[in-house]
Amino acid sequence: MTVESDAATTAAQPTPEMPDQAGEFIQLLTPEGERIDHPDYPLELSAADIRAMYRDLVLVRRIDTEAISLQRQGELGIWASLLGQEAAQIGSARSLEPTDMVFPTYREHGVAWCRGIDPMKLLELYRGVSHGGWDPEEHKFHLYTIVIGSQTLHATGYAMGIQRDGADEAVIAYFGDGATSQGDVNEAFVFSSVFNAPVVFFCQNNQWAISEPLERQSRVPLYQRASGFGFPGIRVDGNDVFACLAVTRKAMQAAREGQGPTLIEAFTYRMGAHTTTDDPTRYRLATELEAWKLKDPLERVKAYLVRTGAAGAAFFEAIDAEAAEVGRNVRQGCLAMPDPQPLSIFENVYSGPNALLDEEREQFAAYLDSFEAEEVAR
């Protein structure tokens, strides 16, 4: 389980023996928008490529903020925000080949965007309209996984399957820093290592496992854990979309070439709440959030575009206008969703008959019928 304790004891108080968790990482774009070259991660991007990634970042953030507003107004049951983690998701997702398979958690809205998932499908899930209404094989993007860390085992098994098929493909599994405390994740590390599976483990270390800080999850930087399992680990600036693209691209290519798994730790920060049921002001300091706002992944790409003259005011105005339109479409689409029939919750759970599910359906149907019987009795 992800370790948690009383929120009052967790407010950014590292233990004296705790090593510096920030450390060094691969960075290709500074918070000020300055480009850095790295000998191990060369990256050639055209101005059009960078403008396209900036568009991704802005539109995904707008979808996210619109969804938060919809939840606050009672239109969604819950929402898991990706605020602050856009670069980690867009950069890594844009490195993938069309045949690569993605195993997400429940926060990978940016990865879903890059894999062509209609944002409405994400909102359907959080509104309770569907179990997740996309075809994983069509988009090479599995359904969201709520059970913390279990998707890493699914990803490893899938990777072992395509390895045996001889397919020129690779798998990427997303998870958070808190998930590294789960047994499933460590078991996935063991299996992927000993079978040399073509899988990349992409840990978005946003430094808070709900209300638990990173030092309650690990005494060493997370990427260093990989060496204990016998495969490479690397830390990347998770707010740098260029670095996330370059590092993930290299790791995925290594997996396709038979070099086995890699653990990527994207060192980032969850600028919002864990979900809309969470109040982060109870366990972390406002000064911490303000410091990370200076490393905003969107602002550094914008600064680079302006600094290099690759985009001007007209471009940014057009992107803002498109984001506003996307926001309107998300809101209208959510409000227009029809309420499902109550018994439809039992559909598409298993591929065939299931005795326990059939029994539960009958019990729930009888419960619903009881209301009609009471109304008739009146």
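Modeller: Lys 140 lies in the loop between α5 (136–139) and α6 (150–165). Helices are DSSP runs of H or I with at least four residues, strands are DSSP runs of E with at least two, and both are numbered from the N terminus. This is a predicted model, in which local features need pLDDT of at least 70, side-chain atom pairs count only at pLDDT 80 or more, and totals for chains, interfaces and linings use all residues. Residues are numbered from 1 along each chain as its sequence is written, and side-chain values use heavy atoms, with hydrogens and water left out.

Colleague: Why is Lys 140 called buried?

Modeller: Buried means under 20% relative accessible area, exposed means over 50%, and partly exposed is in between, with a 1.4 Å probe and protein chains only. Lys 140 has 11% relative accessibility, so it counts as buried. Its phi is positive, about 55 degrees, although Lys 140 is not a glycine.

Colleague: What is the phi of Asn 348, and is Asn 348 buried or exposed?

Modeller: Asn 348 has a positive phi of about 60 degrees, and it is not a glycine either. Asn 348 sits in the loop between α12 and α13 (355–377). With a relative accessible area of 71%, it is exposed.

Colleague: What makes Asp 118 partly exposed?

Modeller: Its relative accessible area is 41%, so Asp 118 falls in the partly exposed class. This residue is found in the loop between α3 (109–114) and α4 (119–127).

Colleague: Which strands form the sheet, and in what order?

Modeller: Five strands form an open sheet in the order β1-β2-β3-β7-β6, with parallel pairing. At its edges stand β1 (101–103) and β6, each with a single partner strand, so one side of each has no neighbour in the sheet. On average, neighbouring strands are turned by 20 degrees against each other, direction ignored.

Colleague: What makes the β2, α7 and β3 unit right-handed?

Modeller: A crossover is right-handed if, with the strands pointing away from the viewer, the path from the first strand over the helix to the second runs clockwise. β2, helix α7 (residues 183–194) and β3 make a right-handed β-α-β unit. So do β6, α9 and β7.

Colleague: Why is β7 described as largely enclosed?

Modeller: Six of the six residues of β7 are buried, so the rest of the structure largely encloses this strand. Both faces are covered: Thr 262, Ile 264 and Ala 266 are buried on one side, and Leu 263, Glu 265 and Phe 267 on the other. Thr 262, for one, has 9% relative accessibility and therefore counts as buried.

Colleague: Which residues is Thr 262 in contact with?

Modeller: Contact means heavy atoms within 4.5 Å. Leaving aside neighbours within four places in sequence, Thr 262 touches Val 199, Val 200, Phe 201, Phe 231, Pro 232 and Ala 251.

Colleague: What span is expected for α11, and what span does it reach?

Modeller: The expected span is 1.5 Å times one less than the number of residues. Helix α11 (residues 297–308) has twelve residues, and the expected value is 16 Å. From first C-alpha to last it reaches 17 Å, which is close to that.

Colleague: What caps the N-terminal end of α11?

Modeller: Asp 296 does, with a side-chain oxygen 2.7 Å from the backbone nitrogen of Leu 298. After α11 comes Gly 309, whose phi is positive, near 75 degrees.

Colleague: Which residues of α11 are buried, and what covers them?

Modeller: The buried ones are Pro 297, Leu 298, Arg 300, Val 301, Tyr 304 and Leu 305. Their cover includes α1 (47–72), α2 (86–93), β6 (233–237), α9 (241–256) and α12 (313–335).

Key
A polar contact is a pair of N or O atoms within 3.5 Å; within protein, one must be able to donate a hydrogen and the other to accept it, and residues adjacent in sequence count only if both atoms are side-chain atoms. Two strands pair if DSSP finds at least two bridges between them. Axes are lines fitted to C-alpha atoms, for helices over the stretch in contact, and angles run from 0 to 180 degrees between N-to-C directions.
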